[in-house]
Amino acid sequence: MSPQIIFLMHLFLGYVAWLLCFRAYILPRFKSIDPLQAQRAIATLHSFRFFGLVFILPGVVGPNLPASFASFAAYGDLATGLLAIVALLAMRVRPLFSFFFVAFNVVGAADIMIDYYHGIQVGLPALSGQMGAAYAIPIIYVPLLLITHVVAFYWLVRPQPNATRALAREAAA
């Protein structure tokens, strides 16, 4: 089997496995806790995205990993991770937390989508061996990150339940 086929199979199966896990374990837990705590959990997960700098660390990735892909992926992950950390530090100031929660989700989702685009443009699946130890990031970590971005966006745009709307009206009165 070619490295390209193996990489694409791994990527697809990474999404399948995380979707099954998310549906069975994580989503029911998120539904049972306060929405702010679920957002906090997502921000905590994304606060580790500073680890994406590994894509530009010599010796971890191969010398033929395209720099155009590696640099953008590394710094996009760093920006997302820092925004998530700031969101967590702002937990006590709800409007500030909300601002940074939206910010890291927009930056993070855009980063992943642009990285996929760059990866296709540079033929990354065929060069997947050049990712070295960082190979696990797009296969194991990125699917969960993108799934949590989708869930976060859903929570941000969905209509509020009636009880929440009633509480918001009472607070405004």
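Okay, let's start with a definition: rings of Phe, Tyr and Trp (for Trp, the six-membered ring) make an aromatic pair if their centres lie within 6.5 Å, and planes under 30 degrees apart count as stacked, over 60 as edge-to-face, and the rest as tilted. Searching the whole structure with that rule turns up eight aromatic pairs. Take Phe 101 and Phe 104: their ring centres are 5.3 Å apart and the planes sit at 85 degrees, so this pair is edge-to-face. I'll come back to those two.

A quick word on where this comes from. What you see is a predicted model, where local features need pLDDT of at least 70 and side-chain atom pairs count only at pLDDT 80 or more, while totals for chains, interfaces and linings use all residues. Residues are numbered from 1 along each chain as its sequence is written, and side-chain values use heavy atoms, with hydrogens and water left out.

Now the overall picture. The chain has six helices and zero strands; helices here are DSSP runs of H or I with at least four residues, strands are E runs of at least two, and both are numbered from the N terminus. The C-alpha atoms fill a box of roughly 60 × 30 × 20 Å along the principal axes. Of the 173 residues, 37% are buried, where buried means under 20% relative accessible area, exposed over 50%, and partly exposed in between, using a 1.4 Å probe and protein chains only. As for contacts (heavy atoms within 4.5 Å), take those between residues at least 6 apart in sequence: 79% of them join residues at least 24 apart.

Let's zoom in on α4. After α4 comes Gly 123, with a positive phi near 70 degrees.

Over in α2, look at His 46. Is His 46 buried or exposed? It counts as buried, because its relative accessibility is 0%. Beyond its neighbours within four places in sequence, His 46 is in contact with several residues, among them Thr 80, Phe 104 and His 149. Compare that with Ile 6, in helix α1: at 32% relative accessibility, Ile 6 counts as partly exposed. Not counting residues up to four places away, Ile 6 touches Met 1 and Tyr 135.

Last stop, the second largest pocket, with about 300 Å³ of space. A pocket, on a 1 Å grid over the protein atoms alone, is an open set of points where a 1.4 Å probe fits, with protein on both sides within 12 Å along at least five of seven lines; lining residues have an atom within 4 Å of a point. Of the 20 lining residues, the closest to the centre are Phe 69, Asp 115, Tyr 116, Leu 124 and Pro 138. Helices α1, α3, α4 and α5 each supply at least two lining residues.

Note on methods
Points joined across faces, edges and corners; volume = space filled by probe spheres on them.
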